[in-house]
Amino acid sequence: MSEETPEALAGGPIHWLQQGRTPIGRGPRGVVRLGSAELLDAEEAGKQRVLAAFPSLAPSAPATIERRSSVLLETDLGEPSAERLVPLFPRGVPTPLSGSLSELLGQVEPAGGVNVTPLIRALRRQEAPLPFRPRAAAIQRALAQPLTVTLHRGWAHGAITAARLLSGGICHWRRCGPDRIQQGDLAAVGSLSDPAVALCALKWGWRFDALRAAEALIALGVVAPSGGAITLTAQAHSGLSPRDLTRILGCAPGTVSHRQAATALGRAKGLTIGGVPLRVQASPPVTPRPDLRFRQPRGRDPRLLLDRYHQGVRLDDEARASLTPQRHAEDIARRLPGQSIVDGFCGAGGNAIAFARAGKRVIAIDSSTERLAQARHNASLYGVTDRITFRHGDFFALTPPADACFLDPPWAGGDALLQQAWAAGQQHYRRGMIKLPRSFSVPDEAELRVYLTPEGFPSFVTTEWGLGAR
Ligand SMILES: C[S@@+](CC[C@H](N)C(=O)[O-])C[C@H]1O[C@@H](n2cnc3c(N)ncnc32)[C@H](O)[C@@H]1O
């Protein structure tokens, strides 16, 4: 059946292994796996099919194959050759398909056909935590609903990694064993909002995880979730205020809709604030919904950085990347008391200008002459140069006297520089505030304030000392 033998694929001799999910053959170039979920019970028949495909394996084939051994050739070699055994769609070519949901389900498992009864039974068994009532008629109607998806060929067995799924596309259900998929967590990797992924997740959930199947039905838009059924809980740094947490998640923890829960989970994914990962859980489980707008990069509208941007603001790349947006700089200026302020790392002047416009006298220090020149120029656009003394030099060496200090050290200097600046600020100034990356570990007892983009994304945090109760 194949001129390309497993030995050729593996680059060496193949050894049959009797353990069901253990690689059945291994060679210098990687692993060749002979396995398939839907034929777990095939036993001897499975072996015969492998041998029919690869007669070269016959001399080494064991007399009997254990129950969980199986039959289709899969390869982890990254080469498509073995895929001719699963002739579904042209490799690498995203294939748009239209049809009813049940027709499409038939496409992702051509051999199996579509029988809705096991799904409905499984859903019924899980009725309590489901976000909708699984009625047979509703699901039958859902399966008849027209849908268009783009299927990609992908790899199922072996490690299902995010990179693999994203580059190789989704897994065809046909080639996914229950444990393999669970390990890879298909829904966490590909988003269920991609109908093709939802289709495969449905196919998977159908047999092994009814709740996931239910989520897939919802994601495909063929079943509506009932409202208010999800309980959302969140754990975060103790200094994160409930108000900021709500803005970050897009909703307050508690009883929320399915959609709110999915958005909150998508937003919280990978976020660390004050050094503490933001952990959000939904019960019953919900698949996270990626929110690209939430994470859009800063600086998309330069007038958010400085509203006179188009009047000739000067910023080099580093200054642009690190400038405190005007709205935040004004808030900081309001909150930091004192008539005289040292801005120890003034950059192109984002904070210094805000302090001066708030009526304070500012000593603005920067170790870069270019950046200091930009700060002076930008301050002139706001008519506040007379309130700012610009000093070129190293903040740590200068530390001039003032009522309070504001410190925004370059984050590229790493945590050590941030710690050093924090310590120097506390040593030389009775009051002060330091701007830090959101992932920086801020001790529980320290004040933590989170600064969010208009979309609610936490762009930095500050902590302060000597300001007393706010
Ligand atoms: C994050 S930027 C400040 C941005 C500023 N807050 C703003 O809103 O425009 C940090 C600045 O610190 C300066 N810098 C680095 N090390 C320094 C040091 N030891 N003393 C003074 N300035 C320093 C860099 O040149 C850079 O311009």
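Helices (H or I, at least four residues) and strands (E, at least two) are DSSP runs, numbered from the N terminus. The model is a predicted one, in which local features need pLDDT of at least 70 and side-chain atom pairs count only at pLDDT 80 or more, while totals for chains, interfaces and linings use all residues. Residues are numbered from 1 along each chain as its sequence is written.

The buried residues of α15 are Gly350, Asn351, Ala352, Ile353, Ala354, Phe355 and Ala356, and what covers them includes α16 and β13 as well as the elements in this table.

| Covering element | Residues |
|---|---|
| α14 | residues 326–335 |
| β11 | residues 340–343 |
| β14 | residues 404–407 |

After α15 comes Gly359, whose phi is positive, near 95 degrees.

An open sheet has seven strands in the order β13-β12-β11-β14-β15-β17-β16, with mixed pairing, where two strands pair if DSSP finds at least two bridges between them. Because β13 (388–392) and β16 (449–452) stand at the edges, each with a single partner strand, one side of each is left without a neighbour in the sheet. Within the sheet, β15 (residues 431–436) and β17 (residues 458–465) run antiparallel and are joined by five bridges, and Ile434 has Thr463 in β17 as its bridge partner.

Key. Buried ≥ 20, exposed ≤ 12 C-beta atoms within 10 Å, placed from the backbone. Contact = placed C-beta atoms within 7 Å.
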